[in-house]
Amino acid sequence: MSEAVLDFDEVMANFDPVLGLEVHVELNTASKMFCGCATTFGGEANSQTCPVCLGLPGALPVVNASAVESAIRIGLALNCSIAEHCRFARKNYFYPDQPKNYQISQYDEPIAFDGFAEVEVDGEVFRIEIERAHMEEDTGKSLHIGGATGRIHGASHSLLDYNRAGVPLIEIVTKPIVGAGEKAPQVARAYVAMLRDLLRALGVSDVRMEQGSLRCDANVSLMPKGTTSFGTRTETKNVNSLRSVERAIRYEMTRQAAVLTSGGTVDLQTRHWHEDTGITTAGRNKEEAEDYRYFPEPDLVPVAPSREWVDQLRTTLPEPPAERRKRLQSDWGFSDAEMRDVVSVGAVELIEQTVAEGCTAQAARKWWMGELVRRANEQQIELAEVGMSPAQVAQLQGLVDAKVVNDKLARQVIDGVLAGEGEPQQVVEARGLAVVSDDGALTAAVDEAIAANPDVADKIRGGKVQAAGALIGQVMKAMRGQADAARVREIILERLG
Ligand SMILES: [Zn+2]
């Protein structure tokens, strides 16, 4: 059921958006948060479980020190204060994929708090205040069998897999983001992208949004222009791609504006995002914190990281994303506008890796920001998911540099690589794409073109060198594009004195 929406420009004429972003990160520790079970993704269902993560009577949790270390490093990288002493809490609610009937989380004593991060959208810097980053455990997974969509509706039965139950999670919560205006959806996307890059650089998570190891809950509300008290928010759950973060927020702004404009009220509720139709639908009405009856977890000792440990961890932080970006821009010689485009499509790492494979920065940018981004847009996927690796892009450029293929043929090589035909070199061989570098064959084609266009040939003989373009075009056509145009030009000029 789709609801009425207001045109985005009309939303902006009448309302200011307020966002709150909650990002869950699955840590890549070898074992779970409170037991020794493995955390590997994709194992046989329920093969990575034990009495602790199954919530069996008498089982006692123990805190995973390396998860605490990751939590502190994340907090420090987000400019947070690190608690000298903090406790875990029980968040009580029933859910079939959570065997204990409560989730061990942190409530009023998060390990990291009061931080900030900066993101850039179209050259404008937005400061995002971080309220907290706290530790908790993931739930298991329900699999609904028998329905068409994999959802519970229409399913004949459900299966439970507890392999993910107890995997360490860090939840990073922003303070309300006010003042982003029409850029709010893009600011949210840029923030999640920044987090993804930062977490990857920290090495604490594999940050694969499509596998759910990084997921975003987006709180959105609107305030009528000129007012300052926040409207009622909705929380769109588990948005799992950067593009969806932006789209879901934009949609929710237009939907809420339509409700408010028609005199209705926004319900405090969770919403589900539907990637295919681009809309959100109502979930459950939202609980407030007191409904969860949080209380301190009695089975765990408090976490009290020493200041020496925190200081030592501070020395392990990677270069901050903004500084790193400036350094790369200067190394690569990109203009501000070029770098902005590279950042906005998420190509920084891809270009960096392509350069590491021996490609020049300009050539790496040409492929990623041209042919490959075009394909990503066509398929509405992230650039990194297009299916061409940085090493393959570097190899492709190597073939262009060696004059084995020209830029035009290189596009056909990309087609082949994306179609699974192998490495660029293999595609060139299998498809017979190499340019003809045999002067004999080129000369024959040139002579044919001259014979067919005597008037053009006369012009060139008479000194009108620019007329050679017409002949080059003929030869390229005859060679099905598989010739080096510069060499063809040389031969034409040689033949016509
Ligand atoms: Zn376990």
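UniProt positions are given in the numbering used here, with feature names shortened, and its annotations may be inferred rather than shown by experiment. Residues are numbered from 1 along each chain as its sequence is written. The model is predicted, with local features needing pLDDT of at least 70, side-chain atom pairs counting only at pLDDT 80 or more, and totals for chains, interfaces and linings using all residues.

**Exercise 1. Find the annotated span and the domains.**

Task: state which residues UniProt lists for the Asn/Gln amidotransferase domain, and describe that span.

Step 1. The unreviewed UniProt entry lists residues 349–496 under "domain: Asn/Gln amidotransferase".

Step 2. Helices (H or I, at least four residues) and strands (E, at least two) are DSSP runs, numbered from the N terminus. By that reading, the span 349–496 is 70% helix and 0% strand, and its end C-alpha atoms lie 49 Å apart.

Step 3. Now turn to the domain assignment, whose bounds come from an automatic or database source. It gives domain 1 (8–314), domain 2 (321–419) and domain 3 (439–495).

Step 4. Between domain 2 and domain 3, the C-alpha centres lie 33 Å apart. Four residues of domain 2 are in contact with four residues of domain 3, where contact means that C-beta atoms, placed from the backbone, lie within 7 Å.

Step 5. Sort the domain 2 side of that contact by class: one residue is nonpolar, one polar and two charged. Ala, Val, Leu, Ile, Met, Phe, Trp, Tyr, Cys and Pro count as nonpolar, Asp, Glu, Lys and Arg as charged, and the others, Gly among them, as polar.

**Exercise 2. Trace the strands.**

Step 1. Two strands pair if DSSP finds at least two bridges between them.

Step 2. Move on to β13 (residues 269–274) and β14 (residues 279–285), which pair antiparallel over five bridges.

**Exercise 3. Compare two helix contacts.**

Task: describe how α12 packs against α10 and α11.

Step 1. α10 (residues 390–401) and α12 (residues 424–431) pack at an angle of about 50°, with axes 8 Å apart. Axes are lines fitted to C-alpha atoms, for helices over the stretch in contact, and angles run from 0 to 180 degrees between N-to-C directions.

Step 2. That makes α10 oblique to α12; under 35 degrees counts as roughly parallel, over 145 as roughly antiparallel, 65 to 115 as roughly perpendicular and the rest as oblique.

Step 3. Q392, Q395, L396 and L399 in α10 meet P424, Q425 and V428 in α12. This contact has four nonpolar, three polar and no charged residues.

Step 4. The axes of α11 (residues 407–418) and α12 come within 9 Å and cross at roughly 105°, making the two roughly perpendicular.

Step 5. Here Q412, V413, G416 and V417 in α11 meet P424, V427, V428 and R431 in α12. The classes are five nonpolar, two polar and one charged.

Note on methods
Two residues are in contact if their C-beta atoms, placed from the backbone, lie within 7 Å.
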